[in-house]
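Please keep the sequence and the model in view while reading.

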Amino acid sequence: MVFSYAELLQNYNNYADAKGKIRRLIRDETLIPIGKGLYENDADVNPSYLATWIYSPSYLSFDYVLNMYGMIPEKVCLYTSATFGKRKKKLYTNAFGSYSYQDIPHKAYPYGVKVETDDSYSYQIATCEKALCDKLYTLHPVRNMKELNYLLFEDLRIDEDIFLSLNMKDILFLCPLYHSTNLNYLSKLVQRRNNDKRN
């Protein structure tokens with residue numbers, strides 16, 4: 001479970017030296033620092049559960065989530081998360097791993113995000129559709145549909161079968177929220193494929 005320093009002081013307020021008690025727990029690795037003023041007491045926790053706590057508001061997205069859904073083949077060593085209004089990337093490393101945070105537009109931020117609860121941990125994670133949109137937003141703009149197809153299926157090596165199984169209505173809703181060239185082309189690609197299915 002994650003505790004703030006203030007919560008720990010409250011928990012150990014019956015000790016003559018609460019701060020000293022906390023220092024000893026950290027020294028003994030009973031408490032593990034995960035971020036500024038935050039501590040985890042379970043060494044076996046799933047590291048992804050901590051991402052939302054370490055830097056907030058944020059939710060798991062980008063490469064970590066795309067790999068989790070099988071959209072991209074590469075193993076992802078970073079726990080990648082989306083934020084808004086921070087203006088620059090953040091990287092945190094602790095005993096559980098490395099966590100990166102990157103902005104997306106404020107208007108796009110609230111949509112396509114699920115709250116998951118597991119082992120008494122609550123964390124936020126993007127849907128597969130949202131993670132794809134977030135990822136494309138961060139990449140250099142393509143110039144045409146041919147370049148987008150190459151980016152998706154050759155460069156990122158997106159699994160085309162999984163791509164075709166995505167909720168296209170969700171993608172069409174999300175794309176305009178980014179005001180991004182890549183997302184505009186993604187919307188056109190989805191519309192074109194939908195038209196092909198009807199014909």
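Which side chain of opposite charge is nearest to Lys21, and how many Å away is it? The side chain in question is that of Asp28, at 7.1 Å. Lys21 is buried yet has no salt bridge, because a salt bridge requires the side-chain nitrogen to lie within 4 Å of a carboxyl oxygen. The model discussed here is a predicted one.

- Lys21 belongs to helix 2, which covers residues 18–27.

- Three strands make up an open sheet, in the order 1-3-2 and with antiparallel pairing.
- At the edges are strand 1 (2–4) and strand 2 (32–35), each of which pairs on one side only.
- From one strand to the next, the twist averages 40 degrees.
- Strand 1 is joined to strand 3 (residues 38–40) by 3 bridges in the antiparallel sense.
- Within this sheet, Val2 stands opposite Glu40 of strand 3.

- Strand 5 (residues 78–83) is mostly covered, since 5 of its 6 residues are buried.
- Strand 4 pairs with strand 5 in the antiparallel sense, over 2 bridges.
- Leu60 has Ser81 in strand 5 as its bridge partner.
- Strand 5 also pairs with strand 7, in the parallel sense and over 6 bridges.
- Thr80 has Ser100 in strand 7 as its bridge partner.
- Strand 6 (residues 90–94) and strand 7 (residues 97–103) run antiparallel and are joined by 5 bridges.
- Asn94 is the bridge partner of Gly97 in strand 7.

**The position of Ser61**

- Ser61 lies in the loop between strand 4 (59–60) and helix 4 (62–68).
- Is Ser61 buried or exposed? Ser61 counts as buried because its relative accessibility is 0%, and the cut-off for a buried residue is under 20%.
- The side chains of Ser61 and Asp134 are joined by a polar contact of 2.7 Å.
- Residues up to four places away in sequence aside, Ser61 touches several others, including Thr80, Ser81 and Ala82.
- Further residues touched by Ser61 include Ala126, Lys130 and Ala131.

Notes:
Residues are numbered from 1 along each chain as its sequence is written. This is a predicted model: local features need pLDDT of at least 70, side-chain atom pairs count only at pLDDT 80 or more; totals for chains, interfaces and linings use all residues. Side-chain values use heavy atoms; hydrogens and water are left out. Two strands pair if DSSP finds at least two bridges between them. Helices (H or I, at least four residues) and strands (E, at least two) are DSSP runs, numbered from the N terminus. Axes are lines fitted to C-alpha atoms, for helices over the stretch in contact, and angles run from 0 to 180 degrees between N-to-C directions. Buried means under 20% relative accessible area, exposed over 50%, partly exposed in between (1.4 Å probe, protein chains only). A polar contact is a pair of N or O atoms within 3.5 Å; within protein, one must be able to donate a hydrogen and the other to accept it, and residues adjacent in sequence count only if both atoms are side-chain atoms. Contact means heavy atoms within 4.5 Å. Lys and Arg count as positive and Asp and Glu as negative; His and the chain ends are not counted.
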